[in-house]
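Here are my notes on the model you sent over.

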Amino acid sequence: MAPMSDEFLTIRRMCDQFEVTPRTLRFYESRGLLAPRRDGQHRYYGRSDRARLTLILRGKRFGFSLDEIGELLDLYDPGERNITQIDATITASKARLDGMIRQHQELGDAITDMERQIAQAEHILAGLHKRAAG
């Protein structure tokens, strides 16, 4: 991803830079997560839109819902140096991380169980083949 500048990007350039579709950008706009400058049918994305999209995509990658992401983005307040937003993001991130760790452990248990089941089935099948051949 290219460094951010003060220039405005068209929807095409925004899509190229962030590897998203125009539909995705329009959807985020319809949800109030992005607010590009409009000139007729054209959308122009500024620095704040690019910063917000970076956070949206990161939040999605970490499993946050769009509502959760929107709530955190709405806390942006440079006047108070974003203390409230950062604090809320840390709290939400810790909770999400705890959930991810639980899911990871559950998945590990399921993988181990499946490996045992496969090994048991292969052992049974090998015995059946042996009996059929003998």
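Predicted model: local features only at pLDDT ≥ 70, side-chain atom pairs only at ≥ 80, totals over all residues.

1. Searching the whole structure turns up one aromatic pair. That pair is Phe-27 with Tyr-28, and the arrangement is tilted, with 6.1 Å from centre to centre and 50° between the planes.

2. On the overall layout: the protein has five helices and three strands, and along the sequence they come in the pattern β-α-α-β-β-α-α-α. The protein is more spread out than a compact globule, because its radius of gyration is 24 Å, well over the 14 Å that the globule rule gives for 134 residues. The C-alpha trace spans about 80 × 35 × 25 Å along the principal axes.

3. Some whole-protein numbers. Of the 134 residues, 22% count as buried. The accessible surface comes to about 10000 Å², with 54% of it belonging to carbon and sulfur atoms. If you take the contacts between residues at least 6 apart in sequence, 50% of them join residues at least 24 apart.

4. Charges: I'd note 21 positive and 20 negative side chains, with the centres of the two sets lying 5 Å apart.

5. Two backbone spots to check by eye. Glu-19 is not a glycine, yet has a positive phi of about 55°. You'll find Glu-19 in the loop between α1 (11–18) and α2, and it is exposed, with a relative accessible area of 74%. Asn-82 is another non-glycine residue with a positive phi, this one near 65°. Asn-82 sits in the loop between α4 (66–74) and α5 (83–133). At 15% relative accessibility, Asn-82 counts as buried, because the cut-off for that is under 20%.

6. Last one, Ala-35. Look for Ala-35 in the loop between α2 (22–30) and β2 (37–39). With a relative accessible area of 62%, Ala-35 is exposed. How far apart are the C-alpha atoms of Ala-35 and Leu-97? They are separated by 29 Å, and the two residues are 62 apart along the chain.

Notes. Residues numbered from 1 in each chain as written. Heavy atoms only, no water. Helix = DSSP H or I, 4+ residues; strand = E, 2+ residues; numbered from the N terminus. Rg over C-alpha atoms; globule rule 2.2 N^0.38 Å. Buried < 20%, exposed > 50% of the residue type's maximum accessible area, 1.4 Å probe, protein only. Contact = heavy atoms within 4.5 Å. Areas by Shrake-Rupley, 256 points an atom, 1.4 Å probe, with all protein chains shown as cover. Lys, Arg positive; Asp, Glu negative; His and termini not counted. Charge placed at Lys NZ, Arg CZ, Asp CG, Glu CD. Phe/Tyr/Trp six-rings, centres within 6.5 Å; stacked < 30°, edge-to-face > 60°.
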